[in-house]
Amino acid sequence: MRIKMLIVLTVVVLLSGCSKGDRIKGSSEIDWVDFVKINGVSYSGSWDRVIKNPSQVTTEIVGKVDFKVADVVTNPDYRIKDGDAAFLEKGTPLYRVEGFKINEVIAAMDEASIGGYRIYVEDDFTKNVRQSYKDINKDKIERIELFHLEDVKPYRTLSGSEAKRFVHLLESGKDTPDYTPQNKEKDPEYYKVVFYTDQPFAYAFSLADDGVEVYFFPWDTRIVDKDLRTLIQP
């Protein structure tokens with residue numbers, strides 16, 4: 001979602017004659033998406049892209065966060081300014097990423113992200129960076145890493161014939177957009193699946209097992225062969 005669409009409102013009211021405090025405080029509940037604006041460029045956080053090699057992130061600081069808007073700004077007329085970020089803390093440094101221009105991709109350290117960095121992609125550049133499962137060149141997959149949902153360290157890595165079989169089972173699945181978990185007795189087990197190719201980014205998608213079906217989220221929900229369980233076991 002583009003930065004100018006960050007605030008979802010039914011009615012947009014023009015800002016007029018407010019004090020600084022009034023421009024920040026209001027009575028609306030604002031639905032922020034992950035963003036940062038630095039040097040006049042707006043970037044969106046990318047949760048489905050993973051830095052392939054942490055060494056791609058240089059030590060060159062291209063900017064720092066001046067103001068975290070989430071939980072502070074409640075006025076829907078607030079205008080995003082340089083140094084603003086939705087969720088990054090004040091003072092967070094932003095780094096140049098090898099292989100990209102500064103106005104295309106930057107990164108912030110984040111222990112909760114795979115690879116140790118959260119990737120931010122300039123809004124217009126996003127469409128030039130592959131992010132759909134169908135866009136991945138399956139012949140170029142080097143390895144597949146499997147993660148439990150909240151983990152940043154893989155519990156299993158697939159390569160060679162295992163990786164090919166994993167992809168085959170995903171590809172032969174049936175798209176079922178309206179599928180809902182079948183096992184009412186417990187919550188599904190959720191996983192993250194990260195595909196590493198010859199591209200500078202790896203790509204992360206979700207996989208779940210509700211005890212009845214195994215299903216994948218390449219875009220819409222896809223039910224896949226239950227044999228996939230043999231590959232997602234630790």
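Q: Does Asp 71 count as buried or exposed, and at what relative accessibility?

A: This is a predicted model, and the value is computed from it. Exposed means over 50% relative accessible area. Asp 71 has 73% relative accessibility, so it counts as exposed. Asp 71 sits in the loop between strand 5 (67–68) and strand 6 (84–85).

Q: What is there to read in the phi of Asp 71?

A: Most residues other than glycine have a negative phi. Asp 71 is not a glycine, yet its phi is positive, at about 70°. Asn 39 also has a positive value, with phi near 55°. Asn 39 lies in the loop between strand 1 (35–38) and strand 2, and its 58% relative accessibility makes it count as exposed.

Q: How many helices and strands does the chain have?

A: There are three helices and 16 strands. The chain holds 234 residues, of which 44% are buried. Among contacts with a separation of 6 or more, 67% are between residues 24 or more positions apart.

Q: How do I read the pairing of a strand, and which strands pair with strand 8?

A: Look for the bridges and for the sense in which the two strands run. Strand 7 (residues 93–97) pairs with strand 8 in the antiparallel sense over two bridges; Tyr 95 has Ala 107 of strand 8 as its bridge partner. Strand 9 (residues 117–122) also runs antiparallel to strand 8, and five bridges join them. Here Ile 106 has Tyr 120 of strand 9 as its bridge partner.

Q: Is strand 8 mostly covered or uncovered?

A: Strand 8 (residues 105–109) is mostly covered, with four of its five residues buried.

Q: How do I read a nonpolar core, and which residues have the most contacts inside the largest one?

A: In soluble globular proteins, nonpolar side chains tend to be buried together. The largest nonpolar core in this model has 35 residues, and Ile 144, Phe 166, Phe 195, Leu 207 and Leu 228 have the most contacts inside it. Helix 2 (residues 160–171) gives the most to this core, with five residues. A second, separate core has twelve residues, including Val 41, Val 65, Leu 88 and Tyr 120.

Q: What does Ile 144 touch, beyond residues up to four places away in sequence?

A: Its contacts include Ala 163, Phe 166 and Val 167, as well as Val 193, Val 194 and Phe 195. Arg 156, Thr 157 and Leu 158 are also touched by Ile 144.

Q: Which residues of helix 2 are buried, and why do they line one face?

A: In an α-helix there are 3.6 residues a turn, so residues three or four places apart point the same way. In helix 2 the buried residues are Ala 163, Phe 166, Val 167, Leu 169 and Leu 170. Seen down the axis, the buried residues of helix 2 fall within an arc of 160°, so they line one face. Ser 161, Lys 164 and His 168 are exposed on the other side.

Q: What span does helix 2 reach from its first C-alpha to its last?

A: Helix 2 has twelve residues and reaches 17 Å, close to the 16 Å expected at 1.5 Å a residue.

Q: How do I read an aromatic pair, such as Phe 100 and Phe 125?

A: Take the distance between ring centres and the angle between ring planes; planes over 60 degrees apart count as edge-to-face. The whole structure has twelve aromatic pairs. For Phe 100 and Phe 125 the centres are 6.2 Å apart and the planes are at 80°, so the pair is edge-to-face. Phe 100 lies in the loop between strand 7 and strand 8, and Phe 125 in the loop between strand 9 and strand 10 (143–148), 25 residues apart. Both Phe 100 and Phe 125 are buried. Elsewhere, Tyr 133, Phe 195, Phe 205 and Phe 216 form one aromatic cluster.

Q: Where is Trp 47, and what is it in contact with beyond four places in sequence?

A: Trp 47 lies in the loop between strand 2 (41–46) and strand 3 (49–51). At 56% relative accessibility, Trp 47 counts as exposed. Leaving aside neighbours within four places in sequence, Trp 47 is in contact with Asp 34, Arg 118 and Ala 204. From Trp 47 to Tyr 203 there are 156 residues in sequence but 9.0 Å in space, C-alpha to C-alpha.

Definitions and conventions. Residues are numbered from 1 along each chain as its sequence is written. Side-chain values use heavy atoms; hydrogens and water are left out. Buried means under 20% relative accessible area, exposed over 50%, partly exposed in between (1.4 Å probe, protein chains only). Two strands pair if DSSP finds at least two bridges between them. A nonpolar core is a set of buried Ala, Val, Leu, Ile, Met, Phe, Trp, Tyr and Cys residues joined through side-chain atoms within 4.5 Å. Contact means heavy atoms within 4.5 Å. The expected span of a helix is 1.5 Å times one less than its number of residues. The arc is that of the directions from the helix axis to the C-beta atoms. Rings of Phe, Tyr and Trp (its six-membered ring) pair if their centres lie within 6.5 Å; planes under 30 degrees apart count as stacked, over 60 as edge-to-face and the rest as tilted.
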